[in-house]
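Trainee: Please take one part of this model and look at it closely with me, showing how its pieces pair and pack. I would like one connected account, with the cut-offs behind each term.

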Amino acid sequence: TATNELKETVSIDSLIKNPEAYVGKEIVVKGSVFHTCTETGKRMFVYGTNSDSTIKVVASDSVKTFDKSLEGNDVLIKGVVEEQRVDPAFIAKMEMEAKENEAKNVDKEEKVAGNGHIHEGETTMKQATALKARLKESGKDYLSFYSLTAYKVEKCCTEGKTEEECGGCAGRN
């Protein structure tokens, strides 16, 4: 459960470089919003100093959804780092769902910066095959994927202040 007390402030770059150090911890990060999912609004992707390295941010019960207007803006995010482990059983389930979806023809893709972004529940055999290959290459029993479950998101103003703190001056220099 999130508290109002600031637990730890972390840069997005540090989080991306060493996510396992923050799993289960409540942190605050500042990042630039690269993409918000238009279908559900429950996911967005943010980056720090390098737009090639992003982290997925997932809406919690207290945030509900992310507004599309956040794209291109800096935000402060308070949340908990989560780890999803993908093992052979998870991949087998994906393959089964992909076969079922193929029969129903329900897979959908949303283009994100030229790359296919598959929404939750819309698995494909191609993804399962790629995950299987990555798992084999890793030499481990599972792959880890990290995200940040957001309890609070605020659009930033200049110099790390929120709009509330600086009277709504977001976007002004």
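**The barrel and its packing**

Mentor: Of the contacts in the protein with a separation of 6 or more, 65% link residues 24 or more positions apart, a contact being heavy atoms within 4.5 Å. This is a predicted model, in which local features need pLDDT of at least 70 and side-chain atom pairs count only at pLDDT 80 or more, while totals for chains, interfaces and linings use all residues. Residues are numbered from 1 along each chain as its sequence is written, and side-chain values use heavy atoms, with hydrogens and water left out.

The protein has three helices and seven strands, both taken as DSSP runs numbered from the N terminus (H or I over at least four residues for helices, E over at least two for strands). Their order along the sequence is α-β-β-β-β-α-β-β-α-β.

The part to look at is the barrel, which five strands close in the order S1-S2-S3-S7-S4 with mixed pairing; two strands count as paired if DSSP finds at least two bridges between them. On average, neighbouring strands of this sheet are turned by 55° against each other, direction ignored, where axes are lines fitted to C-alpha atoms (for helices, over the stretch in contact) and angles run from 0 to 180 degrees between N-to-C directions.

If you start at S1 and S2, you find them antiparallel and joined by four bridges, with serine 32 having tyrosine 47 in S2 as its bridge partner. Six residues lie between these strands in their hairpin, where glycine 41 takes a positive phi near 70°. From S2 the chain passes through another hairpin of six residues to S3, and these strands pair in the antiparallel sense over five bridges. S2 is mostly covered, since four of its five residues are buried, that is, under 20% relative accessible area, with exposed meaning over 50% and partly exposed in between (1.4 Å probe, protein chains only).

Leaving aside residues up to four places away in sequence, methionine 44 touches partners including Val33, Ile55, Val57, Phe66, Leu70, Ile77 and Val153.

Finally, serine 14 lies in helix H1 and counts as partly exposed because its relative accessibility is 32%. Its side chain makes a polar contact of 2.9 Å with that of serine 11, where a polar contact is a pair of N or O atoms within 3.5 Å; within protein, one must be able to donate a hydrogen and the other to accept it, and residues adjacent in sequence count only if both atoms are side-chain atoms. The C-alpha atoms of serine 14 and glycine 48 are separated by 9.1 Å, although the two residues are 34 residues apart along the chain.
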